[in-house]
Amino acid sequence: MEVKGNNKGTLKRISGPVVTAVGLNAHMYDVVRVGNEQLMGEVIKIQRDNTIIQVYEDTSGIRPGEPVENTGLSLAVELGPGLLTSIYDGIQRPLEVLMEKMGDFIERGVTAPGLSHEKKWDFVPTKQSGDRVGPGTIIGEVQETNIMHRILVPPNVNPGTIKEIKKGSFTVEETVCVLEDGTELQMMHKWPVRVPRPVTEKKNPDIPLITGQRILDGLFPIAKGGTAAIPGPFGSGKTVTQQALAKWSDAEIVVYIGCGERGNEMTEVLTEFPELEDPKTGKPLMERTVLIANTSNMPVAAREASVYTGITIAEYFRDMGYDVSLMADSTSRWAEAMREISSRLEEMPGEEGYPAYLAARLSEFYERAGRVEALNGKSGSVTVIGAVSPPGGDFSEPVTQNTLRIVKVFWALDAKLSQRRHFPAINWLDSYSLYLDTLHDWYDENVSPDWNIVRSWAMEVLQKEAELQEIVQLVGSDALPDEEQVTIEVARMLREIFLQQNAFDPVDTFCDMQKQYDILKTIRIFADLAYGAQKVGVPTAQVISIKAKNDLPQIKFTKDYKADLEKIVANMEAEFKALREA
Amino acid sequence: MKEYRTITQVAGPLLFVEKTEPIGYGELVNIVQSDGTMKRGQVLDTSDEVVVVQVFEDTRGIGRDSGIRFTGETIKMPVGRDMLGRILSGGGKPKDGGPDIVAEKRIDVIGAAINPYARSSPDQFIQTGISTIDATNTLVRGQKLPIFSGSGLPHNEIALQIARQAKVPGSDEEFAVVFAAMGITKEEENQFMADFERTGALEHAVVFLNLADDPAVERIITPRLALTTAEYLAFELGYHVLVILTDMTNYCEALRQIGAAREEVPGRRGYPGYMYTDLASIYERAGIIKGKKGSVTQLSILTMPGDDITHPIPDLSGYITEGQIVVNRELHRKGIYPPINVLPSLSRLMNLGIGEGYTREDHKKVSDQLYAGYAEGNDLRGLVAIVGKDALSERDRLFLEFADLFENRFVRQGHDEDRSIQESLDLGWELLSTLPEEQLVRIDRDLIHKYHPKYRKAAKQEA
Ligand SMILES: Nc1ncnc2c1ncn2[C@@H]1O[C@H](COP(=O)(O)OP(=O)(O)OP(=O)(O)O)[C@@H](O)[C@H]1O
Ligand SMILES: [Mg+2]
């Protein structure tokens, strides 16, 4: 695979982020250094003697005639201790280091490795000399944060026998293990971002990723290793939902990609996460998090790379046997970056100017999600949740449509809901999860034997309400038959109490499965009592205005809610009893 | 400096120049016409065969006999502290008869991105004195919050009222204003300038004017000059800067014009596919930097073509900015000022700057409840139009009346009425108290007991 011929050429044309070089011997996706300042770029097209390169940094001032050098390597990330708590740009340059090197603004031409090459980590071997190892084998451990970082044999190393393995404090570049054939292993290895890391087997995702968000866990759950899309117009709640998932989902590692979005949103994560605790471990959330930030005003070519950088890091932790969840906000900006580069290449545009390979790229990306048996036999997963930002909020556009063809869960954000501050503004009629069947048993066993029954009941009520609302719009609610007026009230409770969840309330932001079940079940109890009372002749107006249920919304904001909830149920029963007897 | 006379083609705002030495991408270009007039442009594409130059001024008078001088550097702007109080053209040249700016520094106008690691989260409440902003769509220092309006609506009045009244309670630092006009009319210019003069705002303002009859392509650099100035004032001199950019719609039209001249494949409705990225390079230039004293707050104005919020200009803007204030024609017709429709309006940074220790503990919940009540009442209006008021339940009638009250008491206020945040929130409570208490499901019980007028009165009577 070494580069033959000339690995140096000259620039011929510069047109924004796309430049053309001549006289360069290059292969597709080789990383090249462009111009006197050696800006990083990647080969994206070869046309006779012309090599077309996308540049990851601003190209202002670069002139024809400047040199271009081929490194002969692919765009790769550094994988090893030091990833957690980091914030990177799209090509894994640590933003903290960039700030030290060039100040508050991101200037170009600065290189910085993804991992610190100076820092020492305590390496504890889990294998000894004479042991057989192969691709993906865990040879040792490093306590990185509260997360144990397992050191893997790179997937592309031949199997062999350990000749020597060390214990102690090393940098990521120092050799910690030598095989009989002379292969030296370090704690860090590099992996090309555009190549999925190999696994032994993909398994069926049948455990839910518990997110603490009622509408997600309750109505439209996603499995660990599954894929979901959150499309929605601007301001409808994609980022807030993604951040809630990054905070509260029961993944062990979180990779959060801010792709073409706001700088302040990344800063918010940086300030907030270190202060928040993982509800499961009690440790700061930041310790399990890796951030990738290519904000909307950073170079577009690096935006295109950012999703690959993120998913490769996610796969790496998966290979250690962790459940990883990856949020990409927003995949539309990635698609637009592809469109922009493609149009500079003067490629034949497909739908709405997107390149013809849009669908293929999207599916290749989501295909990297999954629950797997890693090469070392461990089981791990990458769950991928992508935000989609359709122009004008119109879901019929190509990025949304192509994404929906691939993902298994669809959380449809709805501007009508967000405008009235119904949050999360996820439309319960349009959304779906194709994991309901595979997760059915898990909920039965782990939440309650009647969970699935109550859940289906709630969905039916909500659907029924939608039909009834159409009638109400024509004749007013008083004209509905008594029973249906109760249904309308029950549906209102489901919407306002169960579905609405305030991401900014310290208690309501996260709701465990037990509490989700308790709330849902209480609404069900109310419904049963209400229909029952109505049957024996209690007037509807009285049925739907019993006092006890007014306390129910407060349960959401109460941490130790059990006693209060029992009281509400008891009061409800007493009130209904009195009504029936009157 | 070498002068070329090798223009081979002039197309719209673009010049194609051949047989040059190697020219840098993005370089500033001077074009010398045969009558000696000098114009400026920028390199959009460069190769050893042809260089494409975008001219920032009218191309009238440019021909194959015009001379081209490549300056060898990207566009830089001279900045200095004596800029405050000055009126400059959309291209940055003095327009007030005063001397040239004394350059303490020359800064590249294409601002580099602020490293997210260097940013600090904006969380300082700015009181604008307008209830629909302060109580329900709070602005904070360092935010970018545009006004989405329509032609003929009073967005300028609103922007001016904000500029006049904006303050951070408990701080006496005044905002420096950077005002950039792109393609606005002479009347609009007069309206802004008269107000700035009347209030004395001009002394701590820098004004950039590109009017409707100035060259459209100049508008491409006007906001960048303004933001370069703002960043200098904020991050080097420590000012809190309020940037007003108007009208971003004219900016986008200029962008479209250049795209068309380059024969690019157009994106949605003829606007360039890279408009999102381009707009982001403007809107993202706001915020606060750790360890620096100043801040850049952006209040841009755009008129939505056909009042359509899904039009690419408001749509792409909304995807970048941190919320939007939406001005509504129907409210305007009803004679309500400021005709701000809170439903599609949003401030995303609101949560960071409100609540206990910032504004008041009940702020968020009151706001949510006002929204929910107004949304519900507003929906019922549609129903009433069909079935009449009588078919409504008692509950629905109350919500319907709430919506009217909300518009007439909460939204409506005077051009010079400067409400404190306490006044705005109390007004909110007053309106909410017309609804049955058990309908206030968005508010915690203890806040109701503390702030609901009913309990407050009771508490007063007891005391
Ligand atoms: N679950 C929630 N609880 C409370 N508020 C919410 C919730 N979800 C969204 N919001 C409100 O909606 C606003 C917009 O949400 P968000 O920033 O997530 O939108 P978005 O879909 O990411 O928009 P864009 O595409 O422009 O980035 C938030 O600032 C917040 O005020
Ligand atoms: Mg977002």
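**View 1. Chain B as a whole.** In chain B, 72% of the contacts between residues at least 6 apart in sequence join residues at least 24 apart. The model shown is predicted. Chain B contains 14 helices and 20 strands. Its C-alpha trace spans about 85 × 50 × 40 Å along the principal axes. A compact globule of 463 residues would have a radius of gyration near 23 Å, and the 25 Å of chain B agrees with that. Of the 463 residues in chain B, 60% are buried. The accessible surface of chain B is about 16,700 Å², with 49% of it belonging to carbon and sulfur atoms.

**View 2. The largest nonpolar core.** This core has 86 residues, and those touching the most other members are A:Ile385, A:Trp411, A:Trp457, A:Ile523 and A:Phe576. Helix H13 (residues 513–535) of chain A supplies the largest share, 11 residues. The core lies between domain 3 (201–206 + 222–423) and domain 4 (451–581) of chain A, because both give residues to it. Another core, of 80 residues, lies apart from this one; A:Met40, A:Ile91, A:Cys177 and A:Ile257 are among its members. In soluble globular proteins, nonpolar side chains tend to be buried together.

**View 3. Surroundings of A:Trp457.** Not counting residues up to four places away in sequence, A:Trp457 touches A:Val490, A:Leu494, A:Leu520, A:Ile523, A:Arg524 and A:Ala527. Of these, A:Ile523 is also listed with A:Trp457 among the core residues that touch the most other members.

**View 4. Aromatic pairs.** Over all chains, the count of aromatic pairs is 22. In one of them, the ring centres of A:Phe526 and A:Phe576 are 5.9 Å apart and the planes meet at 55°, so the pair is tilted. A:Phe526 belongs to helix H13 and A:Phe576 to helix H16 (residues 562–581), both of chain A, so the pair ties together parts 50 residues apart in sequence. A:Phe526 is buried, at a relative accessible area of 0%, and A:Phe576 is buried, also at 0%. Elsewhere, A:Tyr308, A:Trp334, A:Phe365 and A:Tyr366 make up one aromatic cluster.

View 5. A:Gly393 sits in the loop between strand E25 (379–388) and helix H8 (398–404) of chain A. Its relative accessibility is 23%, so A:Gly393 counts as partly exposed; the cut-off for buried is under 20%. Leaving aside neighbours within four places in sequence, A:Gly393 is in contact with A:Pro233, B:Asp315 and B:Tyr319.

Conventions. Residues are numbered from 1 along each chain as its sequence is written. Chains are lettered from A and ligands numbered from 1 in the order in which they are written. This is a predicted model: local features need pLDDT of at least 70, side-chain atom pairs count only at pLDDT 80 or more; totals for chains, interfaces and linings use all residues. Side-chain values use heavy atoms; hydrogens and water are left out. A nonpolar core is a set of buried Ala, Val, Leu, Ile, Met, Phe, Trp, Tyr and Cys residues joined through side-chain atoms within 4.5 Å. Buried means under 20% relative accessible area, exposed over 50%, partly exposed in between (1.4 Å probe, protein chains only). Helices (H or I, at least four residues) and strands (E, at least two) are DSSP runs, numbered from the N terminus. Domain bounds come from an automatic or database domain assignment. Contact means heavy atoms within 4.5 Å. The radius of gyration is taken over C-alpha atoms; the globule rule is 2.2 Å times the number of residues to the power 0.38. Accessible areas come from the Shrake-Rupley method with a 1.4 Å probe; for residues, only the protein chains shown count as cover. Rings of Phe, Tyr and Trp (its six-membered ring) pair if their centres lie within 6.5 Å; planes under 30 degrees apart count as stacked, over 60 as edge-to-face and the rest as tilted.
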